[in-house]
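Here is a short briefing on a structure. Look over the sequence and the model, then read on.

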Amino acid sequence: MPELPEVETVCRGLAMKMEGRVLTRVEQRRPNLRIPFPDRMVERLTGRKVVTIRRRAKYILIHLDDDQVLIVHLGMSGRMTIGRDLGPPATHDHVLLTTDDGSDIRFNDARRFGLMAMTGADVLDNHPLLASLGPEPLGNEFDAETLSRALKARITPIKSALLDQTVVAGLGNIYVCEALFRSGISPTRIAATVAGSDAERLVPVIREVLTEAIAAGGSTLRDYVQASGELGYFQHSFSVYDREGQACPGCTCDISSTGGVQRIVQANRSTFYCPRRQR
């Protein structure tokens, strides 16, 4: 599933081509994805100017000139690409947009776990999809004190707590694994024990990992592409994720005896970590 860096990368790519442009043509090619499309979506989008495009957690927010906001979630396999003369729609191109400069934007989702919703800008923060989200990890409101407060009563593993979108918005499996490795914190530790000095170490590392991943265009493991159609390449910088049995960066261990990076399953998700360097 695309995580925060991938969604941020897509937002930036779409913004470069769509902000200030009018949606001259909108085509909806099926009635629903994970949920039904908004009522009269084609009518409500056609002729509207895109004012800004930004991200909240893993959601793409397309603000229009009538103070409506199109909320987009890519789900597990969704992608939004933009270009010219893209040819006939593919089987899983479910929504087609055309701007007044001739750019084509396509929402493709083979598994149909993505979604689109619409709401007013004045009530956006209260929309059911967004209302319970925690602070943005790259925002000023996310700091060690805020994280400690969210963790202090939690008896779940820290890995699971960081994936809870009410604790911090937008973090996913890949980047939590990477951040916990860089901060030397075991994913099996009880979340409450990370509050305090460990949270002070973890917060800047989370920011660092996300910032590096955005600069690399995100991570391409299977379905993700940038809005330009290009692939992300942060996967080449993984320290532990998807590296079971391999040496972690700077490793001086005898891998034949230690087993290298370990993989365990937490809440039905694969967790990768180094049991020697993460405590």
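Which residue in β8 stands opposite L70? M118 does. The model is predicted: local features need pLDDT of at least 70, side-chain atom pairs count only at pLDDT 80 or more, and totals for chains, interfaces and linings use all residues. Residues are numbered from 1 along each chain as its sequence is written, and side-chain values use heavy atoms, leaving out hydrogens and water.

**The sheet**
- Four strands make an open, antiparallel sheet, ordered β2-β3-β4-β8. Strands are DSSP E runs of at least two residues, and helices are H or I runs of at least four, numbered from the N terminus. Strands pair if DSSP finds at least two bridges between them.
- β2 (50–56) and β8 (115–120) are the edges; each has a single partner strand, so one side of each lacks a neighbour in the sheet.
- Six bridges join β8 to the antiparallel β4 (residues 68–73).
- Helix α1 (residues 4–18) packs on the sheet and touches β2 and β3 (59–64). Contact means heavy atoms within 4.5 Å.

**The cores**
- The largest nonpolar core has 36 residues. Such a core is a set of buried Ala, Val, Leu, Ile, Met, Phe, Trp, Tyr and Cys residues joined through side-chain atoms within 4.5 Å. Buried means under 20% relative accessible area (1.4 Å probe, protein chains only).
- α3 (144–151), α4 (158–163), α5 (173–183) and α6 (197–215) each supply at least two of its residues. α6 gives the most, with nine.
- Another core, of 28 residues, lies apart from it and includes V7 and I53.

Terms used:
Buried means under 20% relative accessible area, exposed over 50%, partly exposed in between (1.4 Å probe, protein chains only). Axes are lines fitted to C-alpha atoms, for helices over the stretch in contact, and angles run from 0 to 180 degrees between N-to-C directions.
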